[in-house]
Amino acid sequence: MTTVFTFRIDGKDVAGSEGQSVMEVAEENGIDIPGLCHLEGIHDRGACRLCMVEIAGSPKLAAACMTKISEGMDVTAHSERLLEYRRTVTEMMFMERNHVCAVCVANNHCELQDTADELGVTHFDLPRISPKVDIDASHRLFAIDHNRCILCLRCVRVCDEIEGAHTWDVMHRGLETRVQTDMGIPWGESPTCTSCGKCVQVCPTGALFEKGRAVARGSKTRRPFLPWMKVVAEERGL
Amino acid sequence: MPAAARPIRRRVITEELHEGPARASAYVCEAASCMSAQAHDITLRLGEKTAEADLTDVTIKRVGCLGLCAAGPLVEIAETGQLFSHVTPDDVSGIVTALQNVSPENTRAPQGPFFEKQLRVATENMGRVDPENLDDYLERGGYEALKRVLSEMTSSEVREEITRSGLRGRGGAGFPTGLKWTTVAKAQGAQKYVICNADEGDPGAFMDRSVLESDPFRILEGMAIAAFAVHATEGYVYCRAEYPLAVARLRTAIRLAQRAGYLGAGIADTSFNFDVQIRLGAGAFVCGEETALIASVEGRRGTPRPRPPYPAVQGLWDCPTLINNVETFASVPTILRKGPDWYAGIGVGKSKGTKVFALAGRVVNTGLVEVPMGMTLREIVFDIGGGIIDGRPFKAVQTGGPSGGCIPAEHLDMPVSYESLIELGSFMGSGGMIVMDDTSCMVDVAKYFQDFCRDESCGKCVPCRVGTTQLWMLLDQITRGEATMDDLAQLERLAGIIQKMSLCGLGQGAPNPIFSTLRYFRDEYLAHIVDRVCPAGVCTIEPAEVMA
């Protein structure tokens with residue numbers, strides 16, 4: 001038996017079942033909370049910090065994707081303060097590496113770009129870090145441009161949780177953090193990669209892309225495997 | 001109970017040279033600091049010289065940290081309290097003479113304020129026992145508390161005593177230890193774990209290292225008591241690999257305790273089982289954060305995860321897990337031996353008992369001190385610490401490591417407690433205390449800590465990974481005299497957002513050194529920005545180009 005909780009998000013009364021996250025219930029109720037590491041169908045990790053919400057009675061902000069709902073909780077998902085914080089965090093993502101929309105394969109198909117647009121990021125004020133980073137184009141079909149990676153790790157999770165290959169993982173720390181294939185060997189030499197392309201499809205930016213696509217041609221809409229996995233998970237009670 | 005086994009690596013130095021109690025004994029500090037100054041050579045030399053002098057009724061004993069690290073290598077004549085500092089091999093004959101002159105009438109002489117003003121609880125055996133000798137530990141009341149707990153108390157009584165003592169987590173945040181133990185004890189789960197967090201990483205902090213190097217059995221006893229109190233059967237000590245001596249002594253201690261029946265199955269002839277394993281950290285500061293520590297013990301990448309669920313409910317391998325700091329476990333045996341009310345009688349307000357501090361920086365007596373909560377900073381820095389080197393003016397004391405803050409001279413008379421330090425914009429932290437004089441530039445200090453945080457950021461969440469570097473860039477701009485007042489405003493705004501939005505304590509605490517230096521030393525920031533001058537003369541600022 002599942003317990004159902006009623007609570008409020010931005011003053012709206014909503015209901016959800018025990019174990020659901022604030023993010024899930026908000027999505028079901030048409031309340032849009034931004035988030036770039038969150039993706040329905042794979043596990044959340046609460047790392048991009050865009051979905052931070054206020055919960056009445058708690059001095060700290062909480063990540064909506066990782067916060068389980070409870071009876072009577074009062075969530076503020078949109079406020080002036082949160083908007084400013086989210087804009088700044090989005091700006092950090094742009095300033096971290098080398099995002100140049102005009103020459104990006106994902107231009108107009110980019111969730112980072114969409115997020116900046118939705119949040120009304122109009123200009124960049126913070127120091128630009130802009131390190132020299134590599135591109136790995138050794139794979140037959142796909143390539144990764146680390147200049148555009150925001151380390152959401154959707155690729156790592158989808159490869160591990162859905163494809164089951166665990167080709168992708170993470171190396172180094174801090175600003176040096178990179179996603180990597182098979183302990184750091186070139187992607188094209190990876191013995192575990194099945195070339196399924198799921199990582200490319202879930203990547204929110206132009207970091208992972210299909211070779212041969214020109215600027216602004218890298219649409220990423222083929223994600224049928226994600227909702228399907230969710231249905232399976234629900235049916236099996238996972 | 002099986003008899004205590006002889007230490008495997010028992011060395012010449014610990015062997016008594018005669019039967020019966022020694023007339024005189026020289027304690028040689030063999031903790032990391034003195035060891036690095038060749039203390040072990042002194043021990044060997046003392047052994048040779050006493051043999052040459054045909055002194056058969058003296059003992060040369062290796063002990064843990066004697067506290068006054070600045071004056072190492074240290075040798076103490078235990079009977080008289082006479083302390084030999086900066087000992088070189090040439091000084092050994094003087095020590096032998098002193099040993100010869102010890103007579104039964106000698107009583108321990110006062111040793112000056114550095115020692116007199118301290119109150120030793122967690123460090124009571126430090127510099128008294130041989131860290132690799134279980135008998136020595138037993139002789140000083142070791143394992144009495146565990147035996148009493150196992151034979152006379154229920155687990156809830158143990159938790160009740162710890163709660164009543166008012167002990168709070170000594171790793172930094174000060175969460176009430178009794179409450180944490182109760183949470184773990186009541187959490188659902190057949191398997192529970194106890195973890196000792198020995199991943200001490202704050203710059204200038206060496207409390208945990210000294211405790212582990214000087215009195216490792218105490219940690220094992222504290223952990224065993226905790227395990228009994230929360231119904232755990234397995235424990236881990238997560239120690240950083242940068243502490244090889246601490247790890248070696250801990251390994252020895254675990255082996256000796258296992259052989260003597262103080263670890264393993266049926267501890268002290270009861271039905272209680274508990275065993276401890278060591279896990280080494282690979283040098284990441286963030287692994288001191290409990291969820292990252294758990295991930296690391298599990299063999300995964302050491303990155304934190306959002307809490308709740310707290311480790312007390314869902315920790316190691318999703319089982320309820322108790323995580324306490326080295327010093328917290330070290331305090332437990334003494335609290336249970338001397339009684340919770342005795343412990344609660346020490347301290348001030350909600351901060352009970354004593355706290356170990358690693359006194360470092362521009363202070364005469366750098367070393368390890370343990371003082372009652374509520375002692376003022378002035379007493380710690382000037383009485384115990386002996387004041388500033390070369391009599392220079394005191395500027396600030398930094399507590400709490402990279403999440404802490406700098407406290408200026410006007411607050412020197414504030415009693416030290418968890419609450420007062422937070423009120424002053426700093427943080428108790430694990431106990432690092434770095435004293436600064438007028439040769440330190442506070443903007444440069446803030447920059448140093450920011451550099452530390454950006455280097456140690458695990459890279460998981462955006463505000464910490466990117467933001468700490470951006471804070472560092474802004475501070476760097478200020479120290480080069482290239483910043484404007486807009487940059488200062490940006491620095492403050494950004495620091496506030498990183499504090500609120502970061503995932504774990506590393507990012508949330510990273511802006512603290514900036515906030516506290518801005519609070520007390522804003523004029524120094526302004527001097528760099530407006531006058532393009534570093535008042536302390538630390539930062540190199542190129543002269544402004546003269547406008548044609």
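This briefing walks through some salt bridges, cysteines and helices in the structure above. The model is predicted, so local features need pLDDT of at least 70 and side-chain atom pairs count only at pLDDT 80 or more, while totals for chains, interfaces and linings use all residues. Residues are numbered from 1 along each chain as its sequence is written, chains are lettered from A and ligands numbered from 1 in the order in which they are written, and side-chain values use heavy atoms, with hydrogens and water left out.

**Salt bridges**

- Side chains of opposite charge can pair when their charged atoms come close.
- Over all chains, the count is 41 salt bridges (a side-chain nitrogen of Lys or Arg within 4 Å of a carboxyl oxygen of Asp or Glu).
- One of them joins Asp455(B) to Arg173(A), with the closest N and O atoms 3.8 Å apart. This pair crosses between chains: Asp455(B) sits in helix 17 (residues 442-456) of chain B, and Arg173(A) in the loop between strand 8 (168-171) and strand 9 (178-181) of chain A. (Helices are DSSP runs of H or I with at least four residues, strands are runs of E with at least two, and both are numbered from the N terminus.)
- Asp455(B) is partly exposed at 45% relative accessible area, and Arg173(A) is partly exposed too, at 27%. (Buried means under 20% relative accessible area, exposed over 50%, and partly exposed in between, using a 1.4 Å probe and protein chains only.)
- Glu379(B) pairs with Lys117(B), their closest N and O atoms being 2.8 Å apart. The two are 262 residues apart, with Glu379(B) in helix 15 (residues 377-384) of chain B and Lys117(B) in the loop between helix 4 (113-116) and helix 5 (134-139) of chain B.
- Glu327(B) and Lys355(B) meet in another salt bridge, at 2.6 Å from N to O. Glu327(B) belongs to helix 13 of chain B and Lys355(B) to strand 11 (residues 354-361) of chain B, 28 residues apart. Both Glu327(B) and Lys355(B) are buried.
- There's also a network of salt bridges, linking Arg62(B), Asp130(B), Glu132(B) and Arg249(B).

**Cysteines**

- A disulfide is a covalent bond between the sulfur atoms of two cysteines.
- The count here is zero disulfides over all chains (the cut-off is a pair of cysteine sulfur atoms within 2.5 Å).
- Cys159(A) is buried, at 8% relative accessibility.
- For Cys69(B), the closest cysteine sulfur is in Cys65(B) at 3.9 Å, so that pair is too far for a bond as well. Cys69(B) counts as buried at 18% relative accessibility.

**Helices**

- Helix 21 (residues 512-531) of chain B bends by about 95° at Phe521(B) (the angle between axes fitted to the seven residues ending there and the seven starting there). Just after this helix, Arg532(B) takes a positive phi of about 55°.
- Ser331(B) lies in helix 13 (residues 326-338) of chain B and is buried, at 1% relative accessibility. Leaving out residues up to four places away in sequence, Ser331(B) touches Ala122(B), Leu167(B) and Tyr343(B) (contact means heavy atoms within 4.5 Å).
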